[in-house]
Amino acid sequence: MSMAAKPVLRIVTADVERSDEALMGAVATGDAEAFRVLVERHLAGVRRFCARATRADLADELTQETFTRLWQTRARWKPGTGFTALLYTVALNLCRNHARGQSRGLRAFFLVEKEGQPHAPAPDELLDAKEDTARLRRALESLPDAQREALLLQYAAGLDSSAVGEALGCNASTARSRVFHGLRRLRELLGETP
Amino acid sequence: MTCPDEAQWTEFVVSRSEPALEQHLAACPACQATVAHLTRLTQRLASDDVGLESRLSVDAVVATALRPRRPVRALVAVAASLTVLAIGGLALQGRQPEMETMTARGEAPAWRARVTTRLVSTSAGLIEPGAVVPVTTRFTVASFGVLATDQLFTLAFVADSKGVVHWVAPTWLDERSVPTAAALGVDGGFRTNPEHVLSLDHSVAFDDLAPGPASLVTMVLDAPVSVLAVERAWQGDAAGLRARFGEALVRVVPVELR
């Protein structure tokens, strides 16, 4: 029995240790297990990015679509490409597309608010947290697109400057500059003191 | 050493590559506070607390991604014609030749409006649940009833025997877009009579409907939810959709595609 268990353990260990790029190479050939490992690794990051880049209530859908597109376009994967840059390019484009049609969504949001579905009042701390999140969202929305996207790719998605640049189609230095200006502006907008 | 300005500390937080600043930072409480504040800001951006908990799981994301889905290429044609017909009661009268009510119908919650939607075939006769429908059928969406002044939205799709979802409403051509439910009635100019409205703004035929058992699904909602949310909630019957979209009107009609 112990002889039979060993190879299984080796396979699991090997999957955990494989790089994103190696896994994506396997995904390109139709390996659904490799795809699953990539989803496990990046699900939280992509959702966080989509939530910050659009709205929290759209994050799940955009995250799902990001991974669906990744699977659908797997055959186009080119070895040597950075995986996270590819993944977040897909997510970024979906968020941008959503932003173009946002006015209709906002109208629906206000419609629902107007209807006033009865609900129990939230505790003060929940309201504070909600307001805090809303303030951050408003501040992010008022940033220039280039700065907001660079900022979110670096901090919400956790990409380094090189991958941020790759996802945005600029070099790492430009990406870092956008993050710098975005962070300064965000601090000003939030009007907070140390 | 004079304290670096905020721009320098921002650069420091972004790149963390200034040994000289690190030395100053270790000895200067004022600058420590500035850096701590900037760091907190970046931590807020990296926080998973985005105001709404996720419903996603790895299993669900993988299963949905791997499920066959043909939203666009399946379209043989989208006729952009607009037809508005007044109808009497719940029976279609004065309708176009060969057009019959085919699928789902029902009433939206009373607090919103009374409205009925139907998936309509432009080639098949009146079809009840369990009926046989040609795979070459051209589908469209009809809606009628007493519409409120607020806007309603509709979604309609055919789920074939392979589990592939084929969208009738909305329809879209750009694969990169994430379409939402189509606006229904009121501000679309379809309202010919406060009691009876029929809207047919496009028709769709598919070239890859799998023969076999299929579901014809229509929904009426008060918000323009995206097709992705619906696809994720769709598990082969109305239960998943009703659980996910509590206020929505959902009708599922089983048919046989041949």
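Helices here are DSSP runs of H or I with at least four residues, strands are runs of E with at least two, and both are numbered from the N terminus. With that in hand, hello everyone, and let me start with one residue: B:Val35 lies in helix H3 of chain B.

A word on the model before we go on. It is a predicted one, where local features need pLDDT of at least 70 and side-chain atom pairs count only at pLDDT 80 or more, while totals for chains, interfaces and linings use all residues. Residues are numbered from 1 along each chain as its sequence is written, and chains are lettered from A, and ligands numbered from 1, in the order in which they are written.

Back to our residue. Is B:Val35 buried or exposed? It counts as buried, because B:Val35 has 20 C-beta neighbours inside 10 Å. The cut-offs are 20 or more other C-beta atoms within 10 Å for buried, 12 or fewer for exposed, and partly exposed in between, with C-beta atoms placed from the backbone. Leaving aside neighbours within four places in sequence, B:Val35 is in contact with B:Trp9, B:Phe12, B:Val13 and B:Leu25; contact means C-beta atoms, placed from the backbone, within 7 Å. B:Val13 is 22 residues away along the chain, yet the two C-alpha atoms are separated by 7.0 Å.

Now, how do the chains meet? Chain B brings 42 residues to the contact and chain A brings 48. On the chain B side, H3(B) gives the largest share, 10 residues. That side divides into 22 nonpolar, 12 polar and eight charged residues. Here Ala, Val, Leu, Ile, Met, Phe, Trp, Tyr, Cys and Pro count as nonpolar, Asp, Glu, Lys and Arg as charged, and the others, Gly among them, as polar.

Let's move to chain A. Its secondary structure comes to 10 helices and zero strands, and 38% of its 194 residues are buried.

Which residues touch the most other members of the largest nonpolar core? They are A:Phe49, A:Cys50, A:Tyr88, A:Ala91 and A:Leu152, in a core of 59 residues. Such a core is a set of buried Ala, Val, Leu, Ile, Met, Phe, Trp, Tyr and Cys residues joined through C-beta atoms within 7 Å. Helix H3 of chain A, residues 32-53, gives the most to this core, with 10 residues. Apart from this core lies another, of 39 residues, B:Leu155 and B:Val204 among them.

Next to look at is helix H4 of chain A, residues 56-72. This 17-residue helix reaches 25 Å from its first C-alpha to its last, close to the 24 Å expected at 1.5 Å a residue, where the expected span is 1.5 Å times one less than the number of residues. H4(A) is largely enclosed by the rest of the structure, because 12 of its 17 residues are buried; A:Leu62 and A:Phe67 are among them.

H3(A) and H4(A) pack at an angle of about 145°, with axes 9 Å apart. Axes are lines fitted to C-alpha atoms, for helices over the stretch in contact, and angles run from 0 to 180 degrees between N-to-C directions. The residues of this contact divide into 12 nonpolar, two polar and two charged.

One last stop: A:Gly30, in the loop between helix H2 (20-28) and H3 of chain A. A:Gly30 counts as exposed, because it has 11 C-beta neighbours inside 10 Å.

Note on methods
Contact = placed C-beta atoms within 7 Å.
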